[in-house]
Amino acid sequence: MKIIIDNEENIARRAAQRYVELLREKPDAILGGATGSTPLGLYAELARLCKAGEISFARARSFNLDEYVGLDGSHDQSYRYFMNENLFKHIDIDLANTRVPDGINTAIAAEYDREIEAAGGIDLQLLGIGVDGHIGFNEPGTPWDSVTHVVELTENTREVNSRFFASLDEVPTHAVTMGIKTVMNARSIILMAIGKSKAEIVRAFIQGPVTTEVPASILQLHPAVEVYLDPEAAALL
Ligand code: PGA
């Protein structure tokens with residue numbers, strides 16, 4: 001696991017360079033997308049680089065980590081909407097080549113893994129981390145061999161995410177998420193964490209035991225993970 005500690009602006013810039021390198025080498029790379037506050041700086045930098053002609057997503061494809069159950073892509077809190085607004089609209093990717101798990105027809109969740117495999121597998125998966133150690137919506141206790149599946153969100157995760165909704169009641173109770181195995185199948189992974197609220201869990205997943213109680217701790221066993229941290233998130237390492 002490679003750990004990069006720098007200020008928020010620089011980690012966004014440095015992570016973006018990984019995309020520049022990957023897409024130069026493999027213009028039709030398969031990217032794994034993430035939502036949340038953490039990737040916003042990276043996405044803004046990718047948009048800037050794309051406008052400047054330094055990177056092109058024209059032949060790339062993407063698969064996002066997760067989606068709320070019950071929200072379709074037109075809902076402004078759906079992760080499809082988030083990706084369109086915060087990244088896809090601002091880069092040259094073909095929207096037809098972007099996938100987000102289906103939050104309405106959840107019966108087809110496991111199909112997602114087959115689609116990823118048929119596309120050739122994910123070259124670079126982006127991850128944030130929840131304060132409870134979740135990656136995607138894989139909450140503590142999720143089995144290591146899980147593939148894309150429906151999960152019931154914990155009260156803690158719903159509360160943390162309620163900041164984007166009018167009230168806690170409006171936060172969906174379930175989500176569909178890539179499983180731990182889906183994530184671990186990616187050829188390389190970037191995890192980003194920013195701010196002091198993440199310091200404790202950052203220490204736990206990097207330096208603590210590999211345990212399903214800290215889903216991100218499985219990344220210790222992946223051969224190609226880079227962790228980008230600001231000094232606050234790295235404070236307890
Ligand atoms: P955040 O979410 O980037 O908004 O902190 C991360 C996560 O819950 O995975």
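Modeller: S62 is buried, because its relative accessibility is 4% and the cut-off for buried is under 20%. Keep in mind that this is a predicted model. S62 sits in strand β3. Setting aside neighbours within four places in sequence, S62 is in contact with L31, F88, I93, N97, T98 and R99.

Now the empty space. Rolling a probe the size of a water molecule over the atoms shows where empty space is left. A search of the whole structure turns up one cavity of 30 Å³ or more. The largest cavity holds about 110 Å³ of space. Its lining is made of 14 residues, and those closest to the centre are L31, G32, G33, S62 and L87. So S62 is both buried and among the residues closest to the cavity centre. L31 is on that list too, and L31 is also one of the contacts of S62.

Which strands build the lining? β2 (30-33) and β3 (61-64) each give at least two residues to the lining of the largest cavity. β2 has the largest share, with three residues.

T142 has a relative accessible area of 9%, so T142 counts as buried. T142 belongs to the loop between β6 (124-127) and β7 (149-152). The T142 side chain reaches the backbone oxygen of E139 at 2.5 Å. Leaving out residues up to four places away in sequence, T142 touches H149, I180 and T212.

Last, the ligand. Around the ligand are G36, S37, T38, G128, I129, G130, H134, R163 and K198. For S37, a backbone N or O atom lies 2.9 Å from an oxygen atom of the ligand. For T38, an N or O atom in the side chain is 2.4 Å from a ligand oxygen atom. For K198, a polar side-chain atom lies 2.6 Å from an oxygen atom of the ligand. In short, S37 uses its backbone, whereas T38 and K198 use their side chains.

Definitions and conventions
Residues are numbered from 1 along each chain as its sequence is written. This is a predicted model: local features need pLDDT of at least 70, side-chain atom pairs count only at pLDDT 80 or more; totals for chains, interfaces and linings use all residues. Side-chain values use heavy atoms; hydrogens and water are left out. On a 1 Å grid over the protein atoms alone, a cavity is a set of points where a 1.4 Å probe fits but cannot get out, and a pocket is an open set with protein on both sides within 12 Å along at least five of seven lines; lining residues have an atom within 4 Å of a point. Grid points are joined across faces, edges and corners, and a volume is the space filled by probe spheres set on the points. Helices (H or I, at least four residues) and strands (E, at least two) are DSSP runs, numbered from the N terminus. Buried means under 20% relative accessible area, exposed over 50%, partly exposed in between (1.4 Å probe, protein chains only). A polar contact is a pair of N or O atoms within 3.5 Å; within protein, one must be able to donate a hydrogen and the other to accept it, and residues adjacent in sequence count only if both atoms are side-chain atoms. Contact means heavy atoms within 4.5 Å. A residue is near a molecule or strand if one of its heavy atoms lies within 4 Å of it.
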